[in-house]
Amino acid sequence: MGQTFSIIFYSVLAGLATISGMIMVILKEEWVLRNSRHVHSFAAGLILGIAFFHLFPESLTLTGNPMTFIFTGFLIFYLLEHMMVLHSGSEIHYKEKHNPQHTKAMVMFSGLFFHSILDGLIIGVGFEIDSTIGILTSLGVIMHEFPEGVTTYSLLVNKIKRKLAFNLSIAVALATPIGALISLTFLGGLSETTIGVLLAMAGGSFLYIAATDLIPETHEEGLTSVIALFSGVLFLYILSQFVSK
Ligand SMILES: [Zn+2]
């Protein structure tokens, strides 16, 4: 597959993963809420494996010292989520005159939309290095997009009308391919070091997503979620043996 085609292909897959998450909530809400924690655990293990086995070492090769940028990626995603929860959470801070739920939903939507744009950029950055890193970053994005679709739709549908929640969730799903298209317009001209910096930031964002979005959801599940998380790590480790150069 050509690089451009791969970037579009995998980002569309990621968008479809978000959509399947929302459809699962619509069709089988209880089942999803009961079983999605195993998916969360497995995805967390896999995403951490991608960051630690591939993205961090690769960015080390490209930049020499990726630590600051890994940390920056982590902090950007922290800030993004913090703003989203803060502005959509407490009514003490914000007293809207009309329909506060609607405003909250729109803030949430903006945060999720921007996050998904970054997911698309991350796929582009991966393929800018080579197809192995590209496929692995795509896998990391795709794996957390399903839980993200579940979260996005569940959060929105509690605040606004079903139809609008549905349309906004579709927009969040589309943001990943849009981000990937944006990456196509400027990544080609960047130096190897800059790509390494972006990859380190992508790794930092994976660390954030796994450690704060996915793992905390799974603690109540006991041993099964521990097994699921380690299976994710092991699966990625075995996969790495086949795909490494
Ligand atoms: Zn995401």
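Helices are DSSP runs of H or I with at least four residues, numbered from the N terminus. The expected span of a helix is 1.5 Å times one less than its number of residues.

This is a predicted model, where local features need pLDDT of at least 70, side-chain atom pairs count only at pLDDT 80 or more, and totals for chains, interfaces and linings use all residues. Residues are numbered from 1 along each chain as its sequence is written, and side-chain values use heavy atoms, with hydrogens and water left out.

**Helix 5**

Helix 5 covers residues 162–186, 25 residues in total. From first C-alpha to last, helix 5 reaches 37 Å, close to the expected 36 Å. A kink of about 30° lies at A175, shortly before the proline P177. That bend is the angle between axes fitted to the seven residues ending there and the seven starting there.

Donors are N, O and S atoms within 2.8 Å of the metal (3.2 Å for Na, K and Ca). H115, D119, H144 and E148 coordinate the zinc ion at 1.9 to 2.6 Å. H115 sits in helix 3 and E148 in helix 4, 33 residues apart.

**Aromatic pairs**

Rings of Phe, Tyr and Trp (its six-membered ring) pair if their centres lie within 6.5 Å; planes under 30 degrees apart count as stacked, over 60 as edge-to-face and the rest as tilted. The count comes to eight aromatic pairs.

Methods: Helices (H or I, at least four residues) and strands (E, at least two) are DSSP runs, numbered from the N terminus.
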